[in-house]
Amino acid sequence: MATLPPFPGTTGRRDWRTAFDAIRKLLANGDDTAQVFRIMRALNVGSGPRGYARLIATLDGGRLATEQVELARRFSDRAWVASFAPGTVGAAYRDWLATTGYSADGLVEVSRITDGDDIRHPYAWFGRRSRDMHDVWHVLTGYQADESLGEAALVAFSYAQLGGLGWAFIAGAAALKSLRVTRGRLFARAIWEGYRHGRQARWLAGEDYETVMHEPLAAARARLGIADPVVYRHAQRVLGPAMASYLSAPKQPAIAQPEPEPEPEKLAA
């Protein structure tokens, strides 16, 4: 694989202080998505050059790198999103947008930490590309976006695919906290399954998403080697909505308390 120079102006050092501050806030409120990008900025040192080098080493990567399509713009094009035939990845993505209320533009706004995020540089473009693929990966993998379990599993999948330490840091922290909150290992097992499936799948960052979106969803999953998330779905059923989304509902009791028995005089009434 090609070796490229580091991003200009970077020190190559990880900012662990920022990462621990951000993970504390994220574990207290899983809806605070901005903390995810703080962690990525602090820990994913070198992932941009490595990912870009891997991309241009692929058969189609040179063309993608030359064209530098901004996926957020494409995914925000309502006419383009509306054009996908039923059963395709794009149609599933369209349904996903309608169900979740999320948008590509919204993800861009949350991720904008500094004015340099839109810099015209190949590594920065690859970083934006990695960000903008995230929601489509929810559709391809089947991991639900509006729950802690689905996000954590996809984060682990993303670590296996992209290699940035920030992904592993978030997935590991979510898994460790789940052992205490859910009083079981199902949540953590689903995260581990996400990692394994990410390792088994083809490298999704090298795909042409303007083409992928037109593929039938089942065929795309088969071609890309994305396995059925059996453990994840089992964990969803067993844990229930409250525990599957424990990071987004910190005030929810970890274990539901049984309803109190009615007093005898109330039974008589």
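## Questions on the predicted model

Q: In which loop does Asp60 lie?
A: This is a predicted model. Asp60 lies in the loop between H3 and H4.

Q: With which residue does Asp60 form a salt bridge, and how far apart are the closest N and O atoms?
A: Asp60 is partly exposed, because its relative accessibility of 31% falls between the limits of 20% and 50%. A salt bridge needs a side-chain nitrogen within 4 Å of a carboxyl oxygen. The partner of Asp60 is Arg63, with the closest N and O atoms 2.6 Å apart.

Q: Are Arg63 and Glu67 buried or partly exposed?
A: Buried residues have under 20% relative accessible area. Arg63 has 32% relative accessibility, and Glu67 has a relative accessible area of 41%. Because these values lie between the 20% and 50% limits, Arg63 and Glu67 are partly exposed.

Q: How far apart in space are Asp60 and Glu207, C-alpha to C-alpha?
A: In sequence, Asp60 and Glu207 are 147 residues apart. In space, their C-alpha to C-alpha distance is 8.3 Å.

Q: What is the N to O distance in the salt bridge of Arg74 and Asp77?
A: Arg74 counts as partly exposed at 23% relative accessibility. Asp77 is also partly exposed, with a relative accessible area of 30%. Their side chains meet in a salt bridge with an N to O distance of 3.7 Å.

Q: Why is helix H3 largely enclosed by the rest of the structure, and against which helices do its buried residues pack?
A: Helix H3 spans residues 47–56, and seven of its 10 residues are buried, so the rest of the structure largely encloses it. The buried residues are Ser47, Gly48, Pro49, Gly51, Tyr52, Ala53 and Leu55. They pack against H4 and helix H9 (122–141).

Q: Which residues touch the most other members of the largest nonpolar core?
A: In soluble globular proteins, nonpolar side chains tend to be buried together. Here the largest nonpolar core has 75 residues. Phe75, one of its members, has contacts beyond four places in sequence that include Trp80, Val81, Ala104 and Met213. The residues touching the most other members are Phe75, Tyr93, Trp137, Leu140 and Tyr209.

Q: Is Ser158 buried or exposed?
A: Ser158 is found in helix H10, residues 148–162. Leaving out residues up to four places away in sequence, Ser158 touches Trp137, Gly163 and Trp167. Because its relative accessible area of 1% is under the 20% limit, Ser158 is buried.

Q: Is Pro86 buried or exposed?
A: Pro86 lies in the loop between helix H6 (78–82) and helix H7 (89–100). His214 is 128 residues away from Pro86 in sequence, with 9.6 Å between their C-alpha atoms. With a relative accessible area of 76%, which is over the 50% limit, Pro86 is exposed.

Q: Which element gives the most residues to the lining of the second largest pocket?
A: This pocket has a volume of about 290 Å³. Two elements give two or more residues to its lining, helix H5 (71–75) and H9. The one that gives the most, with four residues, is H9.

Q: How many residues of the lining of the second largest pocket are charged?
A: The lining has 14 residues, and those nearest the pocket centre are Glu70, Arg73, Asp118, Arg120 and Arg128. In the lining, four residues are nonpolar and two are polar. The charged residues number eight.

Q: What share of the residues of the chain count as buried?
A: The chain has 16 helices and zero strands. Among its contacts between residues at least 6 apart in sequence, 74% join residues at least 24 apart. Of its 269 residues, the share that count as buried is 46%.

Terms used
Residues are numbered from 1 along each chain as its sequence is written. This is a predicted model: local features need pLDDT of at least 70, side-chain atom pairs count only at pLDDT 80 or more; totals for chains, interfaces and linings use all residues. Side-chain values use heavy atoms; hydrogens and water are left out. Buried means under 20% relative accessible area, exposed over 50%, partly exposed in between (1.4 Å probe, protein chains only). Contact means heavy atoms within 4.5 Å. A nonpolar core is a set of buried Ala, Val, Leu, Ile, Met, Phe, Trp, Tyr and Cys residues joined through side-chain atoms within 4.5 Å. On a 1 Å grid over the protein atoms alone, a cavity is a set of points where a 1.4 Å probe fits but cannot get out, and a pocket is an open set with protein on both sides within 12 Å along at least five of seven lines; lining residues have an atom within 4 Å of a point. Grid points are joined across faces, edges and corners, and a volume is the space filled by probe spheres set on the points. Ala, Val, Leu, Ile, Met, Phe, Trp, Tyr, Cys and Pro count as nonpolar, Asp, Glu, Lys and Arg as charged, and the others, Gly among them, as polar.
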